Amino acid sequence: RFSLSTAKTKGGDNRFSCVVCHPTEDCIATGHADGKIRLWRNFHHKKTYTYSALHWHHDTVMDLAYSLEGTRLLSGGVESVLVQWHNESSCQKDFLPRLGSPIECISMSSDGVLCCTLHTDNRISIINSNLRFSRSIQGLIKSRDVKTGLVVDPRTKALVLNGEPGHLQFYSLQSDQQLFSLDIVQRQYIHQAGLKQSDLVKVAFSARGTWLATVEESEEVADPELQLKLWFYSEETQSFALNTRINTPHDNHITDMCFRDMDELGDDSLILVTTGRDCVFKVWVMVEYSDPEAHQSVSWSCDFVGSYHNYQATNCCFSEDGSLLAVSFEETVTVWDSLTWDLKCTFCHPPGNIRNICFGRLTCSKYLIGATDYGFLCCWNLLTCALEWSAHLNVVVLQPDPLSEHIAAVSWLSKESSLFVFKPSEPWPVYIQRNLCKEKILLAAFVPRDEPEMISSEKYLWLRKSQLFFLTDTQELMTLSTKSLEERLTPSSKQLAVEESLPVTPFSVLLGKHRRQQAQEDTDLGKPVVHNKQEQASPAVKELLHTPAHVLPSASFLCTIFINSLLISKENKSAEEVADEVEMESEKAEDESDEEDVTAMEQEDTSHMELLGEMTCKLSKSQEKELRKIRKMDYSWISAF
């Protein structure tokens, strides 16, 4: 037994962070919080063990891995650099820099040809033995904190949220991959604890996706540096280009922002509203340049500033037709005319500040919904300016469907998240799913479908036009589906038909020709053609064999479908098998009837014999069968004589 103990000293933090054993020698390599790697030897002796140190990392060594032969040691940390140490020497080392994000784990392949690194942004990098980058496996980028919320790009229907530090990721839900990443902050991010840096906090799209508004701020709590940027989508470059940069748009943190665009072709209709902790909301409009030599024709500037009793502005949203603007100021919701900016009415439901607000849509456009941080969900009627109804519900997420009247409310109570879907005009929810997950759901978004889905169950009709996605506090992306797992896998398996239609190799052509000839010979000789049920590949089997392992569902989900696909159905029977079964059943019925007759006769004979005091011998089964055949014989021909 051998134990090593380290402690925090004046020279640095010597706590262990990782341990790995040499594959062939009696040596243990340990990583430490001070960035050093220590190599321990002679640990079989309690008092004479020795160690040497390797030092390059400026922060915690997060993982270590030896090569197959043990001549190279790989290390990684927050620097996003893979370090390769040769012969355990500080002088002989190689680097693979700019891997994108801190390295969490390092693993070597069994043959030592490849190694892979797992990063904090949910990405795997494949690296050759000569320390050359090969490829990466990347789905949804895991950010430190999703401050932008879940936003849907109207053009691509991709989810837009925080990606790499200072970047905005456009994530395709259909292909499970990143479409592209937009650098918003445009500054080099330095991975160092305690360093205050700027990050992306707010995002909003116009209705058609031609304009993008972003807010970036520093991590300073007291006096943050704020920047509001307006980006225009260029059809030529197929990307967003920076149009306007506004320094310090508010004197304090920006809490919310939204676009109003009834008709993007008219400059008067497209406006942007921002709310801040400086107790005001601001209206930003486009202004045309009078200088013909200007490199761009329009820019953005502030047109109106509104406030209400010096309360902090927390949320804002426009009605469906864009005629009304709702802004929440702590406990009060204010409604403004978006043309004259006159205050029309106010709503309040104490106690508690307003946490979320949204307008109803389509037939429910006359309602305004709000949720308070004291656990109340309220619905106000804009025509009567009165409270329509309220419910005691701790709503943390309030998300309206852009294509229907439905609104999704996610509550958090007793360490579980529950979902309630309702129409503002109806007193009861149309769908309730309690204990949706154990994690706390922080964000949600309705993503419009390309085509309305055919749903037979009335319970899920609210999912016909849009699909609802959730993001938990552990950054797990979830969704609700009305289809079974096999039905969900079928669309991806249909893509395999493209692979099957590709040009085949000469060997496959020869093999296929041989199989066809063999089948023809069997048919000519009268041999029955046996069709194997297992050869009919089901969608589950194709998905299991062709889908990359990192995007497959867990084995517990696929197991039932896979086993069921191997079972032979009783319905697929040939005509001969059916005829044989019918004949066997008829014979069985006749045998049963005969047995009943014989049994009755035996009972009758036995009764007579018992009266006579005589004993009868019991017939065997073969004798009973022979007797039944004799009884069936036709003796009518004897009457002719």
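This is a predicted model: local features need pLDDT of at least 70, side-chain atom pairs count only at pLDDT 80 or more; totals for chains, interfaces and linings use all residues.
Which residues is Val-146 in contact with, leaving aside its neighbours within four places in sequence?

View 1. Val-146 belongs to the loop that runs between strand 14 (133-138) and strand 15 (151-152). Once neighbours within four places in sequence are set aside, Val-146 is in contact with Leu-161, Asn-162, Leu-443, Leu-471 and Gln-475.

**View 2. The whole chain, as a setting for the close-ups.** The protein chain has 7 helices and 41 strands, and buried residues make up 40% of its 641 residues. Among the contacts in the chain with a separation of 6 or more, 42% are between residues 24 or more positions apart. The accessible surface of the protein chain comes to about 37300 Å², and carbon and sulfur atoms account for 52% of that surface.

**View 3. The largest nonpolar core and Trp-300.** The largest nonpolar core has 18 residues, and those with the most contacts inside it are Trp-211, Leu-228, Leu-230, Met-257, Phe-259, Leu-272 and Trp-300. Two or more residues of this core come from each of strand 19 (198-205), strand 20 (211-218), strand 21 (226-234), strand 23 (254-260), strand 25 (281-288) and strand 26 (298-306). Leaving aside neighbours within four places in sequence, the contacts of Trp-300 include Trp-211, Leu-230, Phe-259 and Leu-272, and Asn-243, Thr-244 and Trp-284 are also among them. A second, separate core has 17 residues, including Val-396, Ala-408, Ile-455 and Trp-462.

**View 4. The largest cavity and its lining.** The count comes to 1 cavity of 30 Å³ or more, and about 30 Å³ of space lies in the largest cavity. The residues that line the largest cavity include Arg-72, Leu-74, Gln-84, Met-108 and Val-113, and Cys-115, Ile-127, Asn-128 and Ser-129 are also among them. Strand 8 (72-77), strand 12 (114-119) and strand 13 (123-128) each supply at least two residues of this lining. Sorted by class, the lining has 7 nonpolar, 3 polar and 1 charged residues.

**View 5. Ala-386 in strand 34.** Ala-386 is placed in strand 34, which covers residues 386-392, and its relative accessible area of 33% makes Ala-386 partly exposed. When residues up to four places away in sequence are not counted, Ala-386 touches Phe-347, Cys-379, Trp-380 and Asn-381.

**View 6. Asn-435 in strand 38.** Asn-435 has its place in strand 38, made up of residues 431-437, and with a relative accessible area of 34% Asn-435 is partly exposed. Its contacts, leaving aside neighbours within four places in sequence, are with Glu-416, Ser-417 and Ser-418. Asn-435 and Ser-417 are 18 residues apart in sequence, while the distance from C-alpha to C-alpha is 5.5 Å.

View 7. The peptide bond from Pro-350 to Pro-351 is cis, with omega near 0°, and Pro-351 is placed in the loop between strand 30 (343-348) and strand 31 (354-359). Gln-238 is not a glycine, although it has a positive phi of about 55°, and this residue lies in the loop between strand 21 and strand 22 (239-247). The relative accessible area of Gln-238 is 47%, and the residue is partly exposed. Glu-330, which is also a residue other than glycine, has a positive phi near 55°. Glu-330 is found in the loop between strand 28 (324-329) and strand 29 (332-337), where it counts as partly exposed at 26% relative accessibility.

How values were computed:
Residues are numbered from 1 along each chain as its sequence is written. Side-chain values use heavy atoms; hydrogens and water are left out. Helices (H or I, at least four residues) and strands (E, at least two) are DSSP runs, numbered from the N terminus. Buried means under 20% relative accessible area, exposed over 50%, partly exposed in between (1.4 Å probe, protein chains only). Contact means heavy atoms within 4.5 Å. Accessible areas come from the Shrake-Rupley method with a 1.4 Å probe; for residues, only the protein chains shown count as cover. On a 1 Å grid over the protein atoms alone, a cavity is a set of points where a 1.4 Å probe fits but cannot get out, and a pocket is an open set with protein on both sides within 12 Å along at least five of seven lines; lining residues have an atom within 4 Å of a point. Grid points are joined across faces, edges and corners, and a volume is the space filled by probe spheres set on the points. Ala, Val, Leu, Ile, Met, Phe, Trp, Tyr, Cys and Pro count as nonpolar, Asp, Glu, Lys and Arg as charged, and the others, Gly among them, as polar. A nonpolar core is a set of buried Ala, Val, Leu, Ile, Met, Phe, Trp, Tyr and Cys residues joined through side-chain atoms within 4.5 Å.
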